[in-house]
Amino acid sequence: MKRKTTLTIAFIILVLMNACYYDSEEALYPQNSSCDTANITYSESVSPILSAQCAGCHTGFGANGNVQLDSYEHIVSAVNNGSLLGAIRHESGWSPMPQNTNKLDDCSINKIEIWVAAGTPNN
Ligand code: HEC
C-alpha cells in the first residue's frame, strides 16, 4: 500500500513537471504570438522588409548578383525562380541573404513565406 502511494505521488510529480515544461516552452518563444501575420499584403508587409534590408544592394542597373529587388515585378521573378526564399532561409544552394549580416528575423521570414504561399498578390 505504501509503495503504491509513493508510485502515485511520483506519477503526479512527473505529470506536473511535464506541464511546467510545456508552459516554459511557450514562454521561451514569445515572438510567435507577437508576430502579427494577419492581413499580409505586398505593400504593407513584404515591400517594407525588402526595401529596408535588401534594396540597398539590389536596385537598378548593376544590382548585386544581377538580382533586382526594387519593384513588385522583380521581386516576383526572384520568388518564382526560388532564389528569394532560398536566400533568406539560408538554404544550401543559395547565397545567404542579406549578405554579410544577420539572417532576417523569423517574423519577417514568416510574413514573406505567407505572401509567397498566397501566390504573391500585388496588394
Ligand atoms: C550588402 C549587400 C547585400 C544585401 C544587403 C543583400 N544582398 Fe542579396 N546579394 C548580394 C550580392 C553581392 C549577391 C551576389 C553574390 C552572391 O550570390 O553571393 C547577392 C545575391 C542575391 C541573390 C541571388 C542568390 C543566389 O544564390 O542566386 C538573391 C535572391 C538575393 N541576393 C536576395 C537578397 C535579399 C532577399 C536580401 C534582403 C533580405 C538581400 N539579398 C540583401 C548583396 C546583398
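From the N terminus on, the elements of the protein follow the order α-α-α-α-α-α, which comes to six helices and zero strands, where helices (H or I, at least four residues) and strands (E, at least two) are DSSP runs numbered from the N terminus. The model is predicted, with local features needing pLDDT of at least 70 and side-chain atom pairs counting only at pLDDT 80 or more, while totals for chains, interfaces and linings use all residues. Residues are numbered from 1 along each chain as its sequence is written, and side-chain values use heavy atoms, with hydrogens and water left out.

Of the 123 residues in the protein, 28% are buried, a term that stands for under 20% relative accessible area, against over 50% for exposed and in between for partly exposed (1.4 Å probe, protein chains only). Among contacts (heavy atoms within 4.5 Å) between residues at least 6 apart in sequence, 53% join residues at least 24 apart.

Helix α3 (residues 42-53) packs against helix α6 (residues 106-117) at an angle of about 130°, their axes lying 10 Å apart; the axes are lines fitted to C-alpha atoms over the stretch in contact, and angles run from 0 to 180 degrees between N-to-C directions. That angle makes α3 oblique to α6, because angles under 35 degrees count as roughly parallel, over 145 as roughly antiparallel, 65 to 115 as roughly perpendicular and the rest as oblique. The residues that make this contact are tabulated here.

| Helix | Residues in the contact |
|---|---|
| α3 | Tyr 42, Val 46, Ile 49, Leu 50 |
| α6 | Ser 108, Lys 111, Ile 112, Trp 115 |

By class, the contact of α3 with α6 has six nonpolar, one polar and one charged residues.

Leaving aside neighbours within four places in sequence, Leu 84 is in contact with Leu 50, Leu 69, Ile 75, Ala 78, Val 79 and Ile 112.

His 58 is found in the loop between α3 and α4 and is buried, with a relative accessible area of 10%. Beyond its neighbours within four places in sequence, His 58 is in contact with Ala 63, Asn 64, Val 67, Gln 68, Leu 69, Asp 70 and Met 97.

Terms used. Nonpolar A, V, L, I, M, F, W, Y, C, P; charged D, E, K, R; others polar.
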